[in-house]
Amino acid sequence: MVKLLSSCLLVFAFFLAISQARSIISTKPHQLTSLKIKTNRTANGCSYTVIFKTSCSSTTYTRDRVSLAFGDAYRNEVYAQRLDNPSSGTFERCSTDTFQINGPCTYQICYLYLYRTGSDGWKPETVNINGPNIKPVTFYYNTFLPNGVWYGFNQCNGGLVSAVM
């Protein structure tokens, strides 16, 4: 009886740990040939915390323009046209920068793309997104972003979202 009870508790603890686990996207980032940003920006019902960790092997600082787009499998998309602010030390080597971004409410985030333009370069290590009604998700870049293209991850329905956006 004690063995059965301890087995049940072990199974319960396992499922509890899984339900509380953070969603982590660990595939390699890729270039997206086109991303059509939705022009309807009236739905700003949710606030997201986006945390960027810049790699210690990045450039000392960047003056490059950085944009962000992320969303769910149902085409609910959050877009930030410009996150950088060179005068405030944003995206410096070995730093962590936190942004509050408002946008439409989403289901679980399954894609994230960054867009960088400029001549300095920038190497994000991770991007973490927290928001209402979603599990926190972390995207692992750890590579320099190419210039002038959307670059990131799509784990929505086998990557089909980028084809319809």
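**View 1. Pairing of strand 3 with strand 8 in the predicted model.** Thr54 stands opposite Pro124, a residue of strand 8. Strand 3 and strand 8 run antiparallel, and six bridges join them.

**View 2. Pairing of strand 3 with strand 6.** Strand 3 is also joined to strand 6, by eight bridges, and these two strands likewise run antiparallel. Within this pairing, Ile51 has Thr98 of strand 6 as its bridge partner.

**View 3. The two faces of strand 3.**

**View 4. The largest nonpolar core.** This core holds 26 residues, of which Phe52, Leu68, Phe70, Leu112, Leu114, Ile129 and Tyr141 touch the most other members. Two or more residues each are given by strand 3 (46-54), strand 4 (65-71), strand 5 (77-80), strand 6 (96-103), strand 7 (111-117), strand 8 (124-130), strand 9 (137-140) and strand 10 (150-154). Strand 3 supplies the largest share, four residues.

**View 5. Surroundings of Leu68.** When residues up to four places away in sequence are not counted, Leu68 touches Val50 and Phe52, together with Val78, Tyr79, Ala80, Leu83, Ile101, Leu112, Tyr113, Leu114 and Trp150.

**View 6. A second, separate core.** Eight residues make up this core, among them Leu35, Cys110, Tyr111 and Tyr113.

Key: Residues are numbered from 1 along each chain as its sequence is written. This is a predicted model: local features need pLDDT of at least 70, side-chain atom pairs count only at pLDDT 80 or more; totals for chains, interfaces and linings use all residues. Side-chain values use heavy atoms; hydrogens and water are left out. A nonpolar core is a set of buried Ala, Val, Leu, Ile, Met, Phe, Trp, Tyr and Cys residues joined through side-chain atoms within 4.5 Å. Buried means under 20% relative accessible area, exposed over 50%, partly exposed in between (1.4 Å probe, protein chains only). Contact means heavy atoms within 4.5 Å. Two strands pair if DSSP finds at least two bridges between them.
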